[in-house]
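Dear colleague,

I am handing over the structure below, and my notes on it follow. Please read them with the coordinates open.

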Amino acid sequence: MIIDPDVRRVLDGAPHAHLASILPDGSPHAVPVYAGTDGDHIVIFTGPDSRKARNLRRDPRLALSITAADSFFQPITIRGRVVEWLEGDAAWAIIDRIALKYTDIPYPRTEARALALIEADQQRIG
């Protein structure tokens, strides 16, 4: 599914985003994440062995709750799935681009990171 232009506008800013994934027992696991876009994908990054990465590698289904930094009362909800993982230089180029939106500096190289490429199945504004 193509990213809705209004959703892309928020994702290309520095949105407040929370990711919900599915724990092994079937219960939800929600955490804040940096989020952005790369082509037709929504992207988030995490440690390759983090709880969210393990959840998404086991079951790629997810939900994202996003608000623009300047508009907490216009929520965006996305349901989708991770369709690909990137690591190494290809991932770091995108991770740095996303981190710069939030912190004005590239992401530190002190820990390994993996980038999840997400395909949206549903997008809802408001």
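**The sheet and its helices**

His18 stands opposite Ser65 in β5, and strand β1 (residues 16-22) is joined to β5 by 5 bridges, the two running antiparallel; two strands count as paired if DSSP finds at least two bridges between them. This is a predicted model, in which local features need pLDDT of at least 70 and side-chain atom pairs count only at pLDDT 80 or more, while totals for chains, interfaces and linings use all residues. Residues are numbered from 1 along each chain as its sequence is written, and side-chain values use heavy atoms, with hydrogens and water left out. Helices (H or I, at least four residues) and strands (E, at least two) are DSSP runs, numbered from the N terminus.

The open sheet has 7 strands in the order β2-β1-β5-β6-β7-β4-β3, with antiparallel pairing. β2 (28-33) and β3 stand at its edges with a single partner strand each, so one side of each is left without a neighbour in the sheet.

Thr67, which lies in strand β5 (residues 61-68), is buried at a relative accessible area of 12%, where buried means under 20%, exposed over 50% and partly exposed in between (1.4 Å probe, protein chains only). Leaving aside neighbours within four places in sequence, Thr67 is in contact (heavy atoms within 4.5 Å) with Val10, Pro15, His16, Phe72, Gln74 and Pro75.

In α3 (residues 89-103), the buried residues include Trp92, Ile95 and Ile98, and the buried residues of this helix pack against β3 (35-38), β4 (41-46), β6 (71-86) and β7 (114-125). α3 is followed by Asp104, whose phi is positive, near 65 degrees.

Best regards

Definitions and conventions
The expected span of a helix is 1.5 Å times one less than its number of residues.
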